[in-house]
Structures are given as C-alpha cells and as structure tokens.
Amino acid sequence: MARLDDHIEKILFQPDELNVKVKELGAQISKDYKGKHINIVVILRGAFVFCADLIRYIDADISVGFMVVSSYGGGTKTSGNVRIIKDLQKNIEGEDVILVEDIVDTGLTISHLKDLLSTRHPASLKVCSLLSKPSCRRVDVIVDYLGFEVPDEFVVGYGLDYEQNYRQLPYIGVMKPSAIKVKHGGTKADGSSTKDCS
Ligand code: PRP
C-alpha cells in the first residue's frame with residue numbers, strides 16, 4: 001500500500017501489537033460476561049475493523065448491532081455536534097450492551113451515545129474502545145475496556161480515517177502534516193498534525 005504508506009509519518013501500533021491487544025480485550029470481555037449474552041453495538045464507521053477482529057476473540061453469546069454517527073464531518077476538527085445517522089434496529093431493554101468505538105477523543109460521541117442508550121433501559125452499558133486520546137477530553141467518560149492511549153496526533157489506519165481514506169491500513173500510524181489539508185485546520189503553526197479537539 002505504498003501510495004498510502006507514503007503519507008504516514010510514523011507507525012504507532014503494528015498489526016501484531018494490535019492483534020495481541022485485541023485478543024486481550026476479547027479475553028477480558030469473555031471472562032466478565034461469562035454465561036451472559038452480549039449485545040455488541042458497533043459505532044460506524046471507524047470501529048468496524050477493530051470490532052470485526054474483537055468479536056472473534058469473544059467466547060460468549062453475542063449479537064451485533066450498528067449505529068452510524070458522525071461528529072467530524074469529514075475533516076480533522078470535531079464539530080462537537082454528534083449526529084445519529086443510523087440508529088439501532090433492536091430494542092436493548094434488559095440487555096447487556098457494549099458500545100464499541102475505535103477512538104475516544106473529546107468524549108462527546110460516547111457520552112452522547114451513553115446518555116441516549118441509557119434512556120432505553122439496558123441491563124448494563126459499557127464502552128470498549130481501541131484508542132483513547134486523554135489530552136483531547138472535553139467531558140469525562142469511562143472507557144471500561146481500553147486498548148491504547150495515544151498522544152495528541154492525527155492517527156489513521158485499522159478503521160480510522162482522514163477524509164474517508166486510510167481505513168484499510170493494517171497498522172495505526174500518524175499522518176504526515178504535509179498530507180493534511182490546511183483548510184481543515186489540521187496543521188498547527190509548528191507543522192505538527194493533530195485532530196483539533198480543543
Ligand atoms: C470518530 C470516531 C469516534 C469519534 C470520537 O468518528 O470514530 O466515533 O470520532 O471523537 P469524540 O470523542 O471527539 O467524539 P467520526 O465522526 O470521525 O466518524 P467515522 O467513525 O465515520 O470516521
């Protein structure tokens with residue numbers, strides 16, 4: 001994938017590191033939900049790669065539902081406005097639900113979704129995210145199952161995108177500042193790249 005690799009400044013997590021971590025998360029979830037049925041809710045689009053791998057390491061009964069939400073609107077700067085583009089089709093009342101995300105940045109998306117889904121009275125509602133960027137937080141959120149913390153840099157790959165590209169990269173890497181269009185405010189004065197989450 002040389003064309004896409006050329007836009008990556010550095011790799012944070014190689015495929016084998018991701019695999020080890022996803023396996024650990026799957027094992028922990030399997031232990032915690034032993035004998036239960038889990039309603040996995042995948043937050044599209046970013047989480048689809050991570051979740052596809054994760055469920056193959058969960059040794060419990062599961063069903064999988066999907067929500068499409070958007071807060072970044074294609075650029076690198078959060079709008080702070082979480083839009084539900086596609087809602088769940090199934091009732092989650094009385095269910096043990098795990099929301100699966102690729103990344104928690106400001107926390108606005110997951111906080112909004114937790115508030116929304118709580119009104120539907122699940123038996124339990126937890127969050128599993130592959131990545132977390134604590135330096136970007138605007139609201140406190142508990143990530144019950146977390147893969148890795150990442151620094152305040154613009155990360156792509158393994159499901160995460162920049163303008164819908166790079167999702168297919170098998171690793172998680174940091175974009176070169178030169179590959180991020182200035183019009184989205186993704187390049188700081190010092191030339192470093194970031195998803196502007198402040
Ligand atoms: C990304 C990511 C999370 C959200 C996290 O979604 O997948 O859902 O942002 O950011 P927050 O903690 O600041 O709310 P995005 O809106 O980019 O859509 P995508 O999943 O389709 O890429």
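The buried residues of helix H2 (residues 15-32) are covered by several elements, among them S1, helix H3 (48-54), S5, strand S6 (124-132), strand S7 (145-149) and S9. Helices (H or I, at least four residues) and strands (E, at least two) are DSSP runs, numbered from the N terminus. Contact means C-beta atoms, placed from the backbone, within 7 Å. This is a predicted model: local features need pLDDT of at least 70, side-chain atom pairs count only at pLDDT 80 or more, and totals for chains, interfaces and linings use all residues. Residues are numbered from 1 along each chain as its sequence is written.

Which residues of H2 are buried? They are Leu-18, Val-22, Leu-25, Gly-26 and Ile-29. Buried means 20 or more other C-beta atoms within 10 Å of a residue's own; exposed means 12 or fewer, and partly exposed lies in between, with C-beta atoms placed from the backbone. Down the axis of H2, the buried residues fall within an arc of 100°, so they line one face. The arc is that of the directions from the helix axis to the C-beta atoms. Asp-16 and Lys-31 are exposed on the face turned away from the buried side.

Next, the sheet. Its 3 strands run in the order S1-S9-S8, open and antiparallel. Strands pair if DSSP finds at least two bridges between them. Strand S1 (8-13) and strand S8 (155-156) are the edges, each with a single partner strand, so one side of each lacks a neighbour in the sheet. S8 pairs with strand S9 (residues 172-175) over 2 bridges, in the antiparallel sense. Val-156 stands opposite Gly-173 in S9.

Terms used:
Two residues are in contact if their C-beta atoms, placed from the backbone, lie within 7 Å.
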